[in-house]
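Please read the points below alongside the model; they are meant for someone who is meeting this structure for the first time.

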Amino acid sequence: MIMVSVGSVTVRAAGALREPRVSRWSVLVLLCFSLLLIAVDATVLHIAVPALTAALEPSSVQLLWIIDVYSLVVAPLLVTFGTLGDRYGRRPFVLGGYVVFGLASLAAAFAATPLALIVSRAFLGVGGAMIMPATLSIIRQVFTDRRERAVALGVWSAVAAAGAAVGPLIGGVLVEHLWWGAVFLINVPLLLVALPFAVRILPASPGRADHPWDALSAALSTLGILSVAFGLKEAGSGHTLGRGPALVVLVAGAALLAWFVLRQRRLAFPLLDIGLFGQRGFATGVGCVVLAVFALVGLELMLAQYLQLVLGLSPLEAAVRMLPLMVAAIAGGLAAAHVLGRIGLRATVGGGLALTALSLAPVLTWGTEQHPVMLAACFAGIGFGVEVALLAASDTIMASAPESRAGGAAAIEETAYELGAGLGIAVLGTITTIVYAPSLGTVPGVPSGLMAQARESLAAAAHVAGKAGAAGDALLAAARAAFVTALHSTVVVSVALLALTALAVALLLPRHPAGEPGTEPPAPERADA
């Protein structure tokens, strides 16, 4: 439909070309606005953790679910709603996603209990997963000119990166001047303005009834990821089921994901094109994306708490201290293509991961003292290194896939981003819980009930300290020291993972992107794909 209408426009007078061009870029603005809301929501809560904890008093496991249930729901549903959009048309899913996202934002803003906030965040993930894959597909549908489409996709990618980067800053401003629920409530008026425009300007897309949708695959991926995350979190605390049953849930989740993979290999129209992982460059690129985002998002959450609860900064001050990370990430995104052309694929990806690991190393020497210059330098190195590695890995992913399977490769890449974010918070948060609670010993003068509450998290200890009377200062000092010990443990794990990934890149990736001189041609397509 779009191809025909654009083709018919080309025979008109030059003045008549304006309207279609304006409408195309108007669609891009709307889609980028939609993506910005989704990207910001993934990180906006990082700064709001102390205020949220004081208001709702969640346990350590509940706090982790509040933060990362959004990404853990988005990850498996991206592919599900992407394939549903291909089958039934994308426009209804964008409009439905707006409604779900708006209602979930309203519910989250006024959630009175941790469970209510977790459920609201999960529905935010459903709304985000309905919107995100459709935005990319509609861009490809509307921009039929290859050069214009390249510009549009570049803008889309920049908005996604910028949204995740500025999330903590927006959260800091809203928490500082309003209350923690404002980080969700701000979505509602924005969506009320955007929805009528979306109804008016979003193009209809034809469905593809010839592509069957496999509900069992969607259920296996969603339940598998959530079960693995639940098992990891519960294994760290044992509050709900106990550690033994939690390990059973973890193994069951892994089994569901293995079943999902086996099923995709047998289906004629799989939800996820697993066959792409047979190419070494593609598999290595996806692994780099998962582990780089794993380290970045998980540590961003821990460092945001460190700035506020250990160094005593306000939410806005903490967000400002994190600005070097955001600025460096944007600079890394702009410089990545140039760096990739100059030093090659292997050195760019491996060097970015190595720079991130080196920038994290000084954190192991930090305690409760102020160190603004070193902190800014470390944040800058982390942001630049991760973004350079991510964009080079993205180039590897897309270059390794044949053009006919580019859609499947893009779906896997988007899923890898969200999965890395969700698992990063789950795993590093669980490590923090495991180390923090035993490190916080008994503080004289603090009742056992308050001590148990303080061991849930540093944010809980800061809240409890006000109820502990004269012993409150001693409790807060002990909790800060315990959190620093836990932070060091997460940094050790992250540095080890980044170093191992950099080593794998040096061994497995070619020197140059696929398609350049000196590289092997991509493997032939699977016949059943």
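Notes on the model

1. The count of disulfides comes to 0, where a disulfide is a pair of cysteine sulfur atoms within 2.5 Å. Cys 288 counts as buried at 4% relative accessibility, and Cys 378 counts as buried at 4% as well; buried means under 20% relative accessible area, exposed over 50% and partly exposed in between, with a 1.4 Å probe and protein chains only.

2. This is a predicted model, in which local features need pLDDT of at least 70 and side-chain atom pairs count only at pLDDT 80 or more, while totals for chains, interfaces and linings use all residues. Residues are numbered from 1 along each chain as its sequence is written, and side-chain values use heavy atoms, with hydrogens and water left out.

3. The structure holds 1 aromatic pair, a term for rings of Phe, Tyr and Trp (its six-membered ring) whose centres lie within 6.5 Å, with planes under 30 degrees apart counted as stacked, over 60 as edge-to-face and the rest as tilted. The pair is stacked, because the rings of Tyr 306 and Trp 366 have their centres 6.0 Å apart and their planes at 25 degrees. Tyr 306 belongs to helix α12 (residues 280–310) and Trp 366 to the loop between α15 (345–360) and α16 (372–400), so the pair ties together parts that are 60 residues apart in sequence. Both Tyr 306 and Trp 366 are buried. Helices here are DSSP runs (H or I, at least four residues), numbered from the N terminus, as are strands (E, at least two).

4. Helix α15 also contains Ala 347, which is partly exposed, with a relative accessible area of 36%. The C-alpha atom of Ala 347 is separated by 7.6 Å from that of Ala 506, although the two residues are 159 residues apart along the chain.

5. Which helix is largely enclosed by the rest of the structure? It is α19 (residues 458–465), because 6 of its 8 residues are buried; these are Leu 458, Ala 459, Ala 460, Ala 461, Val 464 and Ala 465.

6. Helix α5 (residues 91–109) has 19 residues and should span 27 Å at 1.5 Å a residue, which agrees with its end C-alpha atoms being 27 Å apart; the expected span is 1.5 Å times one less than the number of residues. Among the buried residues of α5 are Phe 93, Tyr 98 and Phe 101.

7. Trp 179, in the loop between α7 (146–177) and α8 (182–185), counts as partly exposed at 32% relative accessibility.
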